[in-house]
Amino acid sequence: MRIIPTDITNSRLLALTLLATGVGIGTIANQELVQLLRGGGRAVNFQLPTPLAMLMAGISILSKEWLYRIAKKVGDATNSQVVIANAWHHRTDAYSSVLALLSIGLAIFVPGMGAADSFAGLLVAGMICMTGADILGESLDQLTDTAADPQLESKVEKIAVQH
């Protein structure tokens with residue numbers, strides 16, 4: 001039986017969760033977009049977002065960026081890949097909220113731009129999947145010992161140059 005460090009296992013779980021979330025959001029956004037395009041710009045269950053949605057997106061941007069900074073500082077201080085991965089998840093959420101804020105504004109204030117929310121949903125889904133793939137790649141690198149310690153690399157390089 002092989003023992004896998006908890007930190008690496010949690011990083012992989014977070015990465016897979018992000019990938020599944022991205023695929024889910026992308027699927028829904030794609031369905032809405034197809035429905036809008038087939039319906040001549042009107043979907044059966046389509047509603048324009050409200051200004052309250054813009055306010056919530058703004059609050060999300062600020063809070064997620066704040067959480068990113070705290071988690072990143074703690075992750076770096078404790079050298080915890082799970083905490084660092086979680087920090088990047090917060091940063092991705094902040095970027096997603098910026099896209100949401102812009103798309104909500106377009107849908108509300110620009111006539112004929114109701115599909116902006118669906119387009120942004122596809123972009124957000126892509127960003128979430130990219131973050132999940134990055135975290136998964138880093139986790140697998142650590143698991144397979146392909147992620148070299150920069151200090152070790154520097155020491156080996158100095159020794160190699162001397163000889």
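## Overall fold

Read along its sequence, the protein chain follows the pattern α-α-α-α-α, and its secondary structure accordingly comes to 5 helices and 0 strands. The model described here is a predicted one, and the values in this report are computed from it.

Of the 163 residues in the protein chain, 29% count as buried. The chain exposes about 10700 Å², of which carbon and sulfur atoms supply 65%. Among the contacts between residues at least 6 apart in sequence, 77% join residues that are at least 24 apart.

In soluble globular proteins, nonpolar side chains tend to be buried together. In this model, the largest nonpolar core has 8 residues, namely Leu14, Ala15, Leu18, Ala85, Val124, Ile128, Ile135 and Leu136. Helix α1 (6-38) and helix α4 (116-143) each supply at least two residues of this core, and the largest share, 4 residues, comes from α4.

One member of the core, Leu136, can be followed through its contacts: leaving aside its neighbours within four places in sequence, Leu136 is in contact with Arg12, Ala15, Leu16 and Leu19. Among these partners is Ala15, which is itself listed in the core.

Ser96 is found in helix α3, which covers residues 81-109. Because buried means under 20% relative accessible area, Ser96, at 10% relative accessibility, counts as buried.

When its neighbours within four places in sequence are set aside, Ser96 is in contact with Val124, Met127 and Ile128.

## The last helix in the pattern

Helix α5, made up of residues 150-162, has 13 residues and reaches 19 Å from its first C-alpha to its last, which is close to the 18 Å expected at 1.5 Å a residue. Does this helix lie largely buried or largely in the open? Of the 13 residues of α5, the number buried is 0, so the helix lies largely in the open.

Note on methods. Residues numbered from 1 in each chain as written. Predicted model: local features only at pLDDT ≥ 70, side-chain atom pairs only at ≥ 80, totals over all residues. Heavy atoms only, no water. Expected span 1.5 Å × (residues − 1). Buried < 20%, exposed > 50% of the residue type's maximum accessible area, 1.4 Å probe, protein only. Contact = heavy atoms within 4.5 Å. Core = buried A, V, L, I, M, F, W, Y, C linked by side-chain atoms within 4.5 Å. Areas by Shrake-Rupley, 256 points an atom, 1.4 Å probe, with all protein chains shown as cover.
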